[in-house]
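The entry under discussion is shown below.

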Amino acid sequence: MDKIVVEGGKRLTGTVAISGAKNAALPILVSALLTDGVCTFTNVPDLQDIRSILLLLESLGARVVADGHTIKIDAATLAASEAPYDLVRKMRASILVLCPLVARLGHARVSLPGGCAIGARPINLHLKGLERLGATIDIRHGYVEARAHRLKGADIYFDTVTVTGTENIMMAAALADGVTVLRNAAREPEVVALAEVLMGMGADIQGAGTSVVTINGVEELRPTTFEIIPDRIEAGTFMAAAALTGGDVTLTHCQPDHLSAVSDKLQQAGVVIRSQGTSLRVTADKAIASVDVRTQTYPGFPTDMQAQFMVLMSCAEGQSIIKETIFENRFIHVSELRRLGADITISGDTAVVRGVKALFGAPVMASDLRASASLVLAGLVAEGLTEINRVYHIDRGYEQIEEKMRQIGAAIWREKAS
Ligand code: EPU
């Protein structure tokens with residue numbers, strides 16, 4: 001298995017282009033199932049998770065043509081309505097096919113995603129929403145089986161804000177008979193992007209980006225084209241890298257508005273951030289100050305940036321309190337960061353991070369996507385070599401991370417593990 005090796009101590013400077021957002025691309029690629037023609041999506045990142053979802057769409061009968069970052073999907077030939085265990089276990093976001101399949105074919109059988117390293121991650125709210133739209137749901141032998149002749153609009157309240165839950169139900173409601181109102185809906189930019197795609201297909205959606213989304217169902221949707229929005233978490237990760245190394249890095253192809261919470265915390269930590277159009281320049285020329293962080297749903301500070309910010313706080317002056325409110329087990333990176341010399345203690349959902357003078361390279365193990373990113377960041381400043389094992393996690397969500405980091409001066413490379 002490959003490993004990534006980072007030699008710490010290089011100051012990052014220069015320009016790096018941000019890729020399309022994984023978490024926007026996944027539901028958007030799936031939404032092609034709602035039409036029976038060719039949808040074209042551009043700026044799709046080249047990632048393992050994207051390859052997994054395309055395989056799933058093909059297994060359902062859709063035709064997929066990939067040309068660099070442009071993906072064409074033709075679901076006219078949609079034939080199967082089953083998402084098997086082998087595909088779903090590789091990527092939980094596969095659950096996103098549930099609602100489009102029911103809306104289009106009247107039936108879906110989707111393997112239940114299990115828990116994952118960061119939490120139990122149930123899908124009860126996806127199922128409750130679909131049931132409220134009139135589907136019958138049966139859970140047997142590890143599969144969810146859902147049926148509906150034609151879904152019917154309904155008033156749906158989400159107990160907890162759920163990103164993919166909102167996306168799944170929005171796709172079902174777009175083809176339902178009548179009006180659906182989603183309350184306590186997720187407001188993430190990825191949800192808004194999906195709503196824009198659905199509207200491009202002819203859906204009638206109001207309020208996307210607020211917590212109440214109203215969807216007036218239509219009889220059918222037509223193919224569309226869409227450019228995937230920039231990846232705010234990849235951008236945030238590079239911002240943290242620039243801050244950590246006392247660097248001066250300009251990100252291009254990003255959407256600064258989507259990064260307000262991250263920019264605000266970095267500014268409080270003493271980092272200078274200048275945005276101009278779709279570029280962000282991050283300059284760090286003084287010691288990093290400690291700042292407290294609490295993860296929240298958008299527009300709050302993203303849980304997907306918690307691990308990376310913790311590395312920055314590990315190298316800050318003073319003590320920082322980091323509270324994780326979205327997932328119950330998203331501190332797995334802490335024990336690995338401690339191996340590099342970080343001073344972090346955890347109590348329940350709260351981590352107390354005391355800044356240290358230096359981190360020291362060591363072999364570490366990646367446990368999930370954002371944890372791996374945090375280990376790469378730690379490696380950038382740790383003295384000596386940091387070896388990150390199980391890098392398949394990072395390949396799920398960061399396009400060409402070593403190439404991009406090298407471009408701005410990092411000493412980072414990939415090795416085949418013996
Ligand atoms: N939840 C429930 N029931 C449900 C759905 C969610 O209790 O039916 C709970 C979850 O257990 C969690 C909270 O609600 O405690 C929020 O989970 P959410 O459903 O919003 O997460 P998700 O949709 O499964 C997406 C991203 C994650 C990101 C979270 C939170 C995609 C494909 N994934 O997951 O991204 O962390 O929203 O912002 O969009 C990543 O990219 O590394 C990643 C994990």
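In this predicted model, Ile-332 counts as partly exposed because its relative accessibility is 24%, and that class covers values between the 20% limit for buried and the 50% limit for exposed residues. Ile-332 belongs to the loop that runs between strand S19 (319-323) and helix H11 (333-339). Leaving aside residues up to four places away in sequence, the contacts of Ile-332 are Ala-117, Ile-118, Ser-367 and Asp-368. With Ser-367, the sequence separation is 35 residues, while the C-alpha to C-alpha distance is 6.9 Å.

The ligand is surrounded by 21 residues, of which Leu-125, Thr-162, Thr-164, Asp-304 and Ile-326 are the closest.

| Residue | Protein atom | Distance to a ligand oxygen atom |
|---|---|---|
| Arg-121 | side-chain N or O | 3.0 Å |
| Ile-326 | backbone N or O | 2.6 Å |
| Arg-370 | side-chain N or O | 2.8 Å |

The protein buries 87% of the 830 Å² that the ligand exposes when taken alone. Two or more residues of the shell around the ligand come from each of helix H1 (22-31), helix H5 (124-132), helix H6 (163-174) and helix H12 (369-381). Among the contributing elements, H5 gives the most, with three residues.

In terms of residue class, the shell around the ligand comprises nine nonpolar, seven polar and five charged residues. Both domain 1 (2-19 + 230-416) and domain 2 (22-227) supply at least three residues each to the shell around the ligand.

Note on methods. Residues are numbered from 1 along each chain as its sequence is written. This is a predicted model: local features need pLDDT of at least 70, side-chain atom pairs count only at pLDDT 80 or more; totals for chains, interfaces and linings use all residues. Side-chain values use heavy atoms; hydrogens and water are left out. A residue is near a molecule or strand if one of its heavy atoms lies within 4 Å of it. A polar contact is a pair of N or O atoms within 3.5 Å; within protein, one must be able to donate a hydrogen and the other to accept it, and residues adjacent in sequence count only if both atoms are side-chain atoms. Accessible areas come from the Shrake-Rupley method with a 1.4 Å probe; for residues, only the protein chains shown count as cover. Helices (H or I, at least four residues) and strands (E, at least two) are DSSP runs, numbered from the N terminus. Ala, Val, Leu, Ile, Met, Phe, Trp, Tyr, Cys and Pro count as nonpolar, Asp, Glu, Lys and Arg as charged, and the others, Gly among them, as polar. Domain bounds come from an automatic or database domain assignment. Buried means under 20% relative accessible area, exposed over 50%, partly exposed in between (1.4 Å probe, protein chains only). Contact means heavy atoms within 4.5 Å.
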